[in-house]
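Student: I would like to go through the terms used for this model and check each against its definition. Please show me the structure before we start.

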Amino acid sequence: MLAQVFDPSKIGRAKGIKKVCIGPEAMRLEEFAAVARYGAKVTFSPEYIERVVHSRELADKFLAENRVVYGLTTGFGDNVRTIIPQEEAVRLQVNILRSHAVSVGDPLPVESVRAVWLMQLLSLGSGFSGIRLETLSMIAECLNRGVTPYVPQDGSVQYLAIEAQTNLVLMGEGQAWYNGKLMSGADALKAAGLSAWTPACKEGLSLTNGANSATAVSALALYDCLVSTQTADIAAAMAYEALRGTILGCDERLHSLKIHSEQHGCAANIRKMLSDSGIMKKNIHAKVQDPYILRCIPQVHGASKRFVKDCAHSILEEMASCSDNPVLWPEGGDGLALMGGNFDSTYASGSADILCMAAANTAKFSERRTDKLTNRYLSGYPAFLAENPGVDNGYMLVQYAAAGLLNEIRGLCLPATADSIPTCANWEDPVSMGWWAGKKALCVAQKLYYVIGMELMTMARAFDLMPVEEREFSSATLAVHDKIRDVVPPITGDRHFGPDIEKVKTLVAEGEILEVVENMTGTLAF
């Protein structure tokens, strides 16, 4: 199966997708986010069903022949030396789910649990895992009916504990949410009109195996980083106007001397958004050059986009792959079980580590632009953009919050995949630590939404404070200002800014800021 190619026109468009069919083609990233985050319904194509059924026939054949196949007729990990009698096959699969469900701490967000299940449908349904259609259909029904397992999120080195906790619920064990209420797994299934399931041979192993968890949360982090880094160009265009920069910093001739398409694209985006800006025309030769925070936007945003784009290549390929072990290869009529290491998550989790760095680079420029606007010594505006400076604090603490978030993002940039702590009596001697890589990347991506949202809030306030005779904003940036004012009214004094921040962050995360601009400019370059 070929991986999907990253498509800039689909960035931020997940919310409008209501139904996703898993079929012969790889799933698109926005479809993945639509199911995990927005509750889009899942269906299977005839091709999907056929390949799953054929693969299960092979697993049953191997069991009937009592072939020595890891996890099917043997124990797990260092217990691979133990041959399991056929009458113990089901108990073996039940035991792996129960014994591996050892993660601790606060529960995963609903979208992350759904993403894990969806990624299992993709990987295990590729036709090489030997899992039953009935099992995959059960997972799909739980997704479609809103059964969400309670999954403690800490203490999993790769995927084992997370996926075991998730799939306990299929057996009617553990806990799950249904209609917003936390209950036992058995009660959640019953309330949703489903019956508890018993794993067949190999199924417990398949449901606790592979790069699925790390890939799932990395895919959500990728989606968020795509939206944020693209929206950062919009905030940057507003900064050029609010700070009266010179658009010569985005001159096409200048950027033609650097062979980086993402840098070219960022500069082109800013030129396009500001093409009808009277402020830009007036200030084009007003100074020799701008400070770095404006002048180097295409270079820094472009580099961050390159990192994200490279990560998209790896994560989308992993989403289109089978990461199970063993895989059942339908060679001739006899078939073959191939034991190997496709469960390793380094492609996805290494990309997740890189996404953190991309987000940090985007956030550091965004926070500095916010600081520059709120600093009366640099901005030309009243202190902290306050209505009555001294009595009012204005956006002083908004910049503090952006600085705090940037510090948190930087602290999460330490790569998890550089580490390895052996497990399973040293049988699993290198361990990718992929779960933590993906989880922290998603955490970082959410923080970046806030940083960009705070900058946009600040830019909108600067637009309000610009002298009336200078307000020759571009149509695109003015539309963004007006979109923000739809949810956050102008300030007339200090107020509780927390709700304002949440509302603007939501505009960014839902792709609404991006949509406002692209409705006027067409798809922005990435």
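Student: What is the order of the 3 strands in the open sheet, and is the pairing parallel or antiparallel?

Tutor: The order is β4-β6-β7, and the pairing is antiparallel. Strands here are DSSP runs of E of at least two residues, and helices are runs of H or I of at least four, numbered from the N terminus. This is a predicted model, in which local features need pLDDT of at least 70 and side-chain atom pairs count only at pLDDT 80 or more, while totals for chains, interfaces and linings use all residues. Residues are numbered from 1 along each chain, and side-chain values use heavy atoms, without hydrogens or water.

Student: Why do β4 and β7 count as edges?

Tutor: β4 (148-149) and β7 (181-184) each have a single partner strand, so one side of each has no neighbour in the sheet.

Student: In which sense do β1 and β2 pair?

Tutor: In the parallel sense, over 4 bridges, between β1 and strand β2 (residues 41-44). Val20 has Val42 as its bridge partner in β2. The chain passes from β1 through helix α1 (residues 29-38) to β2, and this β-α-β crossover is right-handed. That term applies because, with the strands pointing away from the viewer, the path from the first strand over the helix to the second runs clockwise.

Student: How many cavities of 30 Å³ or more does a search of the whole structure find, and what makes a space a cavity?

Tutor: The search finds 2. On a 1 Å grid over the protein atoms alone, a cavity is a set of points where a 1.4 Å probe fits but cannot get out; lining residues have an atom within 4 Å of a point. The largest cavity has a volume of about 120 Å³. Among its 13 lining residues, those closest to the centre are Phe6, Asp7, Leu29, Glu30 and Leu226.

Terms used
Two strands pair if DSSP finds at least two bridges between them. On a 1 Å grid over the protein atoms alone, a cavity is a set of points where a 1.4 Å probe fits but cannot get out, and a pocket is an open set with protein on both sides within 12 Å along at least five of seven lines; lining residues have an atom within 4 Å of a point. Grid points are joined across faces, edges and corners, and a volume is the space filled by probe spheres set on the points.
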